[in-house]
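Visitor: I would like to learn how to read a ligand site and a domain contact. Please take me through one case.

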Amino acid sequence: MAATTAENGKDFDVVVIGGGPGGYPCAIRAAQLGKKVACIENDNLGGTCLNWGCIPTKTMIGSVAALYTIKHAKDFGLTADNVGIDFPALMARKEKVVKTLVGGVGFLFKKHGVTAIEGIGTLKDANTVEVIKADGSTQMLTTNNIVVATGSVPAKLPIPGIDDADIYTPNWDVKAKFAAGTLATGKIWTSNEAVSAKQIPEELVVIGGGVIGCEFAYTYNGLGTKVTILEFLPRLFATMDIDLSTELEKVLKNQGVTIRTNAKVTGVTEGENGKKSVTFERDGKSETIPADVVLVATGRVPFTNGLNLDKVGVTIGAPKNKRAIAVNEKMQTSVPNIYAIGDVIGSGLAHTATAEGLVAAENIAGHHSTMSYKANPACIYTEPEVASVGLSEAEAREKGHDVKVGTFTFRNLGKAMAINERDGFVKVVAENKYGEILGVHIIGPHATDIIHEAVVSIQLENTVEELMRTIHAHPSLAEALGQANEDVRGMAIDKG
Ligand code: NAI
């Protein structure tokens with residue numbers, strides 16, 4: 001349980017700035033380890049993940065996936081007539097899920113004795129945080145440690161017609177617009193507007209074929225929108241194993257999404273009939289397409305505005321991201337009692353932020369805890385889902401490993417046939433001599449759940465042989481992992 005007094009006469013042992021999936025678990029873990037903790041947040045608790053990202057998107061996707069299943073009722077020997085979409089009800093369900101989870105974080109803070117403070121935090125010195133409240137008043141907090149967990153905002157796209165849009169804002173601006181009913185009333189969206197839409201657009205052009213672009217393309221295509229993805233690089237989600245990108249592109253195209261890779265967007269202007277007109281260059285030619293809405297999905301950048309980090313000596317400029325706060329493996333910044341975690345250090349994923357938050361809390365409590373990114377899964381919540389952990393085949397070869405690959409398709413599995421979800425495969429990338437599993441890449445039903453066998457395997461440095469000896473329940477989707485491991489040694493029983 002949290003301490004009631006802090007050490008050294010300070011107000012708190014730990015002040016966490018930001019209550020997202022990095023900040024709130026960090027605050028709770030520090031309290032569990034006996035520290036007196038405050039968490040400052042100016043949006044609802046839960047951050048981008050709960051309010052504007054993971055949870056709203058996955059709830060919308062849940063509705064789209066259910067719609068898809070109902071539309072294919074006949075395949076299951078069922079009839080379902082007059083199937084339709086009640087979009088306001090769909091969005092109300094999303095709101096209810098978000099509210100429930102946000103309330104849950106508040107409850108957990110109370111349970112663990114974490115003080116939640118509403119306002120904007122700014123550093124005065126390495127032991128003092130000022131909180132600026134909505135009414136303009138301020139509160140000064142003294143603390144032994146500070147954790148910066150302020151997340152990220154959508155990256156500004158420096159393209160005429162988009163660069164001046166009022167969409168690249170922190171969460172509390174998004175919250176204020178949502179409350180005022182002015183969010184998603186324009187024609188240029190980020191993911192914030194896409195999870196707050198008032199109606200389903202007829203034509204959506206998505207700029208960027210990364211994870212946000214693919215998830216919304218799937219979602220709105222499923223809701224009946226004509227969707228086009230414009231991706232600058234030669235393939236979708238270029239950091240993933242190429243076989244997953246290729247299969248995802250095939251699946252999305254089959255579902256009706258138009259995908260234009262090698263497409264460089266050069267401008268967005270007013271078009272005909274009140275629509276936007278999106279111009280892009282491809283193969284040296286310029287093309288223009290209409291859009292009711294343009295979704296900017298070209299990455300996110302660390303949010304450090306107003307924190308005063310330079311004044312207290314915190315270095316900005318991480319090796320892989322010059323706008324991110326630099327930290328060591330204990331999550332300490334250049335000022336040892338100031339820690340930073342999550343998107344503000346360039347991490348990009350909610351679960352990574354959580355892991356970093358726990359490491360920071362443990363170090364603050366005097367443990368020796370270090371962060372490892374070796375077994376860090378990446379997931380895309382399209383249908384079928386995509387999930388990946390460890391090295392891609394290309395990365396493993398670049399690192400000089402003697403690589404062996406095994407694959408297994410879901411269509412060879414009884415469970416996949418029974419639930420009528422046969423698309424996709426599992427790919428295991430292993431080192432040949434000792435059989436160490438280096439990476440596992442899945443596109444298929446429930447990929448984001450079954451990837452965790454592989455996450456544990458990579459964390460524990462398991463070999464292909466150990467996984468071949470592991471009994472997989474039958475019938476289950478996880479059998480595909482067992483058989484893909486067998487295939488690394490050319491011995492998959494059910495591979496045709
Ligand atoms: P991203 O970096 O994954 O993808 C952006 C894409 O936009 C890239 O493929 C890039 O080549 C393309 N692009 C950039 N400029 C372009 C231009 N001018 N024209 C055409 N294409 C262009 O960024 P994304 O999808 O916006 O996601 C942002 C962050 O949110 C990521 O860190 C991501 O991991 C995280 N996120 C994670 C989710 C998950 O785990 N399921 C869901 C949603 C977001």
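Visitor: Which backbone atom lies 3.2 Å from an oxygen atom of the ligand?

Guide: This is a predicted model. A pair of N or O atoms counts as a polar contact within 3.5 Å. Here a backbone N or O atom of V211 lies 3.2 Å from a ligand oxygen. A polar backbone atom of F232 is 3.1 Å from a nitrogen atom of the ligand, and one of G348 is 3.4 Å from a ligand oxygen.

Visitor: How much of the ligand does the protein bury?

Guide: The ligand exposes 860 Å² when taken alone, and the protein buries 75% of that.

Visitor: What does the domain assignment give?

Guide: The protein is assigned domain 1 (7-153 + 301-364), domain 2 (189-298) and domain 3 (378-488). Taken over C-alpha atoms, the centres of domain 2 and domain 3 are 29 Å apart. Their contact takes 14 residues from domain 2 and 19 residues from domain 3.

Visitor: What area is buried between domain 2 and domain 3?

Guide: About 1400 Å² is buried between them, with 72% from carbon and sulfur atoms. Of the area that domain 2 buries against domain 3, M240, D241 and L244 supply 38%, more than any other three residues.

Methods: Residues numbered from 1 in each chain as written. Predicted model: local features only at pLDDT ≥ 70, side-chain atom pairs only at ≥ 80, totals over all residues. Heavy atoms only, no water. Polar contact = N/O pair within 3.5 Å; in protein donor to acceptor, adjacent residues only side chain to side chain. Areas by Shrake-Rupley, 256 points an atom, 1.4 Å probe, with all protein chains shown as cover. Domains from an automatic or database assignment. Contact = heavy atoms within 4.5 Å. Buried area = accessible area lost by both parts, 1.4 Å probe.
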